[in-house]
Amino acid sequence: MKLFKTLGLGLLASALTIGGAAAQEKTVKIATEGAYAPWNFTGAGGKLEGFEIDLANDLCGRMKVKCEIVAQDWDGIIPALNAKKYDAIMAGMNITDKRLEVINFSLPYAATPHGFGVMKDSPLAKLAGTGTTVSFEKDSEGAKKAIEAWKPLLKGKTVGVQGSTVNSQFLETYLKDTIEIREYKTTEQHDLDLTAGRIDAIFAGHGALKATQEKPEFKDMVVAGTGMRGGLLGRGVAVGMRKDDAELKKGFDEAIQAAIKDGTIKRLSEKWFKIDATPQV
Amino acid sequence: MDFAFMRDAFLTLIGGVPLTLNLAFMAVGLGAILAMLLALMRMSGLKVLDWPAQAYVFVFRGTPLLVQIFLIYYGLGQFRPTLQEWGLWVFFREPYWCAVFALTLNTAAYASEIIRGGLQSVPYNQVEAARACGMSGILLFRRVIFPIAVRQALPAYGSEIILMVKATSLASIITMMEVTGLAAKLISQTFRAVEVFIVAGLIYLILNFIITRIIMAIEWWLSPHLRRPPAVEPRLEAAHV
Amino acid sequence: MQQLSYFELVGFGPNGWGWALLTAAGMTIAVAICGFLAGSVVGTLVAWGKIGGNLVIRSLADGYTTVLRGIPDLLVIYLFYFGGSAALGAIGSLFGADGFIGVPAFVTGALAIGIISGAYQAEVFRGAYQVVSRGEIEAARSVGMHRWLMFRRIIAPQVLRYAIPGLGNTWQLVLKESALISVTGLVELLRQSHIAAGSTRRPFDFYLTAAVLYLLITWVSTYLFQRAETHSMRGMRRAS
């Protein structure tokens with residue numbers, strides 16, 4: 001048993017040294033998903049790319065810290081943050097009340113409406129409200145009416161959505177009895193199943209839908225129905241952090257404000273989304 | 001640890017048990033038929049039959065089940081036009097059937113080896129004795145070879161069934177809402193990974209415990225010749241162990 | 001963007017994923033070997049507990065193997081990934097560390113595989129130990145060998161010899177289990193194929209390539225285990 005004690009202490013000691021060394025260098029470890037184009041995705045050869053990768057590097061420059069970006073499955077991205085696998089999340093994550101119960105958020109750095117993606121020849125392409133947007137914050141009644149207007153066409157259809165997202169919560173809350181909801185691990189997977197014809201539509205952020213349309217296999221995909229903002233869909237995409245990390249939040253908040261002010265976010269979002277995704281204050 | 005939360009989690013996850021068992025038993029049932037076929041091919045002594053069966057077993061035992069599931073679900077999606085032409089798309093369109101298909105193909109590879117082992121363990125003198133009594137063909141198989149082989153293969157087949165119940169958890173990755181799928185969903189709503197996974201693990205343990213007991217009971221029922229006569233053995237409860 | 005041919009896709013050119021896949025296959029092998037070795041340590045301890053332990057240790061060891069063999073490996077990996085790290089973080093802050101004890105995905109993965117395969121290896125070792133003849137152990141005792149020397153000279157070499165076929169099976173299991181580690185974010189073969197499939201929308205090509213690489217690894221390692229088996233049995237051949 002003596003052997004185990006020595007071993008255990010040795011392991012602990014080495015773990016502590018690693019922890020200590022990391023603290024000295026001031027490295028911020030940021031998790032992203034690596035499968036949510038154009039926010040963050042993995043390019044040829046396995047390199048991380050996207051809006052959030054560019055933005056993270058920019059923000060870290062402003063904060064004068066070294067950043068390490070790691071890929072992490074969306075499913076466990078919040079528990080792993082609280083398990084101290086990394087310090088921050090930048091993965092197209094919206095601020096919601098539910099998430100605020102367990103983690104903290106910076107100020108939002110981007111915001112896009114959410115809606116359906118369908119194939120051009122699908123009857124769903126004529127979904128009510130295509131081309132318009134409505135916000136739960138500003139016009140809650142109008143938003144609910146818009147959802148009602150979808151229902152006749154959506155009845156009995158299968159809709160793919162990424163699990164554990166504001167999008168899946170939105171469908172669960174408003175359309176549970178109208179459609180069959182199928183939850184996927186990544187948006188890339190529901191995109192594959194949309195082209196494979198296993199599902200009739202996908203529900204995602206407009207930024208992600210735009211990026212999907214860019215791919216040759218999806219040139220026949222269109223964005224359908226009213227674009228939705230606010231409410232369950234959250235108050236914009238922000239950096240997620242542990243609740244006790246006040247210093248890091250301050251750093252990110254200041255860096256994001258500066259990046260909004262000097263137009264970096266507008267420039268980056270137009271580069272990646274083809275729309276201006278700067279959050280409206 | 002929050003026990004009230006864990007009780008609620010248990011009640012939520014238990015809703016996935018029917019699908020878990022459904023997937024496991026569909027796969028084991030269909031897999032057994034395919035496995036029997038493969039075992040007979042392996043034992044036929046004909047190279048044209050033996051070789052494909054060997055290759056099949058090698059491929060399906062040599063690759064991770066998760067790869068097989070992805071290959072069947074997402075991989076075949078790439079060939080939708082062809083599959084539609086062949087009228088097979090109705091089948092591959094459904095994640096349920098893709099999961100059953102992948103699990104069936106996988107378990108058949110393992111089970112065929114178990115069945116082959118069982119069939120080969122039938123002592124030759126028993127077959128000779130049966131022949132001497134004038135049995136042959138189906139009667140010989142039904143009365144002598146099959147019962148002995150089943151008895152031999154049952155413990156290993158029991159483990160295979162347990163492995164299949166465990167393997168159904170991978171179906172959660174292709175949108176099936178069985179126990180693990182529900183667990184992942186619950187975590188996304190509550191962000192309490194450890195508690196939910198402990199509860200899910202507990203459910204699988206209970207399921208597998210029950211299945212093990214059932215298989216042990218069948219084993220006991222199939223091997224009366226190994227039991228001691230109750231009159232000689234006073235400690236009756238020992239017979240159940 | 002024109003459709004790339006299969007060989008361009010998995011090749012080593014500018015648009016090819018060849019190097020990424022090979023590196024990932026190396027990662028698969030590395031994590032499987034580390035996990036297997038960790039499992040050998042766990043397995044030996046558990047087998048020892050089952051054979052020589054008192055009632056408490058024995059039931060603990062039995063409980064361990066029953067639980068680990070009764071719940072899906074995917075759950076064990078998830079549990080280990082989230083629970084293990086949180087536990088380590090808690091221990092760390094107890095000692096005043098700044099909380100961030102980063103456990104790399106590789107280490108978590110290897111340990112999780114070790115914990116799972118340990119349960120299987122324990123049974124293999126226990127079975128092999130039971131084949132070692134009682135007479136040899138008694139003979140070793142009678143010439144005055146003490147426990148450790150006896151373990152090193154008599155028990156370990158023979159147990160290892162009888163355990164090789166069983167260990168070969170466990171290794172195959174470990175290799176396939178390593179694919180599940182992909183859920184924790186470690187970029188091994190399956191995760192890399194998954195990433196490539198999502199990014200290129202050519203799932204069939206990449207999963208098929210992954211399957212072939214897994215088969216290749218299986219095939220080579222089966223051969224190596226067979227070699228090891230013949231090697232370890234070389235003294236036994238005359239007897240049979």
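Predicted model: local features only at pLDDT ≥ 70, side-chain atom pairs only at ≥ 80, totals over all residues.
Residues are numbered from 1 along each chain as its sequence is written, and chains are lettered from A in the order in which they are written. Local features need pLDDT of at least 70, side-chain atom pairs count only at pLDDT 80 or more, totals for chains, interfaces and linings use all residues, and side-chain values use heavy atoms, with hydrogens and water left out.

**Exercise 1.** State how many cavities of 30 Å³ or more the whole structure has.

*Solution.* On a 1 Å grid over the protein atoms alone, a cavity is a set of points where a 1.4 Å probe fits but cannot get out. Points are joined across faces, edges and corners, and a volume is the space filled by probe spheres set on the points. The search finds seven such cavities.

**Exercise 2.** Describe the largest cavity and where it lies in relation to the domains of chain A.

*Solution.* Step 1: its volume is about 340 Å³. Step 2: 25 residues line it (an atom within 4 Å of a point), and those closest to its centre include A:Asp73 and C:Arg191. Step 3: domain 1 (18-111 + 236-273) and domain 2 (114-233) of chain A both contribute lining residues, so the largest cavity lies between them. The domain bounds come from an automatic or database domain assignment.

**Exercise 3.** Describe the second largest cavity.

*Solution.* Step 1: its volume is about 160 Å³. Step 2: among the 15 lining residues, A:Asp75, A:Glu183, A:Lys185, B:Met177 and B:Ala184 are the closest to its centre. Step 3: H10(B), a helix (a DSSP run of H or I, at least four residues), gives the most to this lining, with four residues.

Definitions and conventions. 1 Å grid on protein atoms, 1.4 Å probe; cavity = no way out; pocket = protein on both sides within 12 Å on 5 of 7 lines; lining within 4 Å. Helix = DSSP H or I, 4+ residues; strand = E, 2+ residues; numbered from the N terminus.
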